[in-house]
Amino acid sequence: MTLEGWVERTEAPTWTLALGVYTAWGALTWGYHSLPWWLLLPAGAYVTCLHGSLQHEVLHGHPTRRRWLNELLARPALWLWLPYGAYRDSHLAHHRTTKLTCPGLDPESNYLVPEDWARLPAPVKAVYAICATSPGRLIVGPAVCVAVYLGRELRALAAADPAADSNVRRADQRALARGNRRPLRHWPAHAAFMVPVLYWVLVVCEVPFWGYVGFFAYPGLALTLLRSFAEHRPERDQGRATAIVEASWPMALVYLNNNLHAVHHERPDLPWYRLPSVYRAERAAILARNGGHVYPGYAAIIGRFLFRRKDSPLHPFYRAADRLS
């Protein structure tokens, strides 16, 4: 067997990655009280974000054919807030949609339709506008992301009629109703995997909760949100909706090459370590298909949207009537 064949069969890079992520995280939390803040903050953000990228790799069926084994690698809740099962279900639905970014059809859409926008109070509209800039995405975005998700979970728990949710198509209402019979259904497993994480952090390493959130969970989520900030845009031609970010290796690694997002959407089966070679071999064709939707790196994205919004919170093409048809 060739080396390439062995790697293909065993997915050794992903196993090595998982070992490295948990080793680095353990070392950083163990050294919390001895490491300077200026080293701990970027390192904690990086390893927590990298764990989120590992979760993304796992939900796409890597590194084995056994789902339970794959998920065992990714379920420890290093960023605390989002159950793996909820992320898995939402992200796979995102890949199945034929209308990326469309509210109510793409579960990872950050856009609104005019009817929903009109109902929001002015302070919430201001937060949406802030989060459409790169500083807002990084500084305020994590708090907004957690608040929105937890709010949806609590509304699901309290909802008497899930079909009344204007963000859901009629075709999806019965499925949502079935899911609402088990509100917060992902949280028991999430809690079971969060207990050992918190025990290690709070008891063994004696890291204060605020310290873990401030040096690991919050900045790790911020770094993750930088990746998703510009990876999709509203387009009638769905092939043009997904971006390529030609990032340097530290950023490509922390995102497990998901910066090559158009390649990932075309070939979600590919393991992370094969995406760069496919992109290099097919770059011209990929950029032709996505309409040249490419950024030279994340510094360019931050700079471009430092003082202006990336786009409007209102989706430009779809109306509430479209998603309810």
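Reader: How many cavities of 30 Å³ or more does a search of the whole structure find?
Author: The search finds one cavity. This is a predicted model, in which local features need pLDDT of at least 70 and side-chain atom pairs count only at pLDDT 80 or more, while totals for chains, interfaces and linings use all residues. Residues are numbered from 1 along each chain as its sequence is written, and side-chain values use heavy atoms, with hydrogens and water left out.

Reader: What makes a space a cavity and not a pocket?
Author: On a 1 Å grid over the protein atoms alone, a cavity is a set of points where a 1.4 Å probe fits but cannot get out, whereas a pocket is an open set with protein on both sides within 12 Å along at least five of seven lines. The largest cavity holds about 70 Å³ of space; grid points are joined across faces, edges and corners, and the volume is what probe spheres set on the points fill.

Reader: Which residues line the largest cavity?
Author: Lining residues have an atom within 4 Å of a point. Among them are Ser 53, His 56, Glu 57, Tyr 255, Leu 256 and Trp 272. Helix H3 (residues 37-59) gives the largest share, three residues. Helices (H or I, at least four residues) and strands (E, at least two) are DSSP runs, numbered from the N terminus. The chain has 17 helices and two strands.

Reader: How do the residues of the lining of the largest cavity divide?
Author: There are six nonpolar, five polar and one charged. Ala, Val, Leu, Ile, Met, Phe, Trp, Tyr, Cys and Pro count as nonpolar, Asp, Glu, Lys and Arg as charged, and the others, Gly among them, as polar. The second largest pocket, with a volume of about 150 Å³, has a lining of one nonpolar, two polar and five charged residues. That lining includes Glu 8, Arg 9, Pro 63 and Arg 66.

Reader: Why is Leu 256 called buried?
Author: Buried means under 20% relative accessible area, exposed over 50%, and partly exposed in between (1.4 Å probe, protein chains only). Leu 256 has 4%, so it counts as buried. Asn 257, at 10%, is buried as well. Thr 23 in helix H2 has 49% and therefore counts as partly exposed. Of the 325 residues of the chain, 48% count as buried.

Reader: Why is the pair of Tyr 212 and Phe 216 called stacked?
Author: Rings of Phe, Tyr and Trp (its six-membered ring) pair if their centres lie within 6.5 Å; planes under 30 degrees apart count as stacked, over 60 as edge-to-face and the rest as tilted. The structure holds 11 aromatic pairs. Tyr 212 is buried at 1%, and Phe 216 is buried at 0%.

Reader: How is the pair of Phe 229 and Phe 305 described?
Author: This pair is edge-to-face, with 5.8 Å centre to centre and 85 degrees between the planes. Phe 229 is in helix H12 and Phe 305 in the loop between helix H16 (298-304) and helix H17 (320-323), 76 residues apart, so the pair links distant parts of the chain. Phe 229 is buried at 7%, and Phe 305 is buried at 5%.

Reader: What makes a set of residues a nonpolar core?
Author: Its members are buried Ala, Val, Leu, Ile, Met, Phe, Trp, Tyr and Cys residues joined through side-chain atoms within 4.5 Å. The largest nonpolar core has 54 residues, and those touching the most other members include Tyr 212, Phe 216 and Tyr 298. H12 gives the largest share of this core, nine residues.
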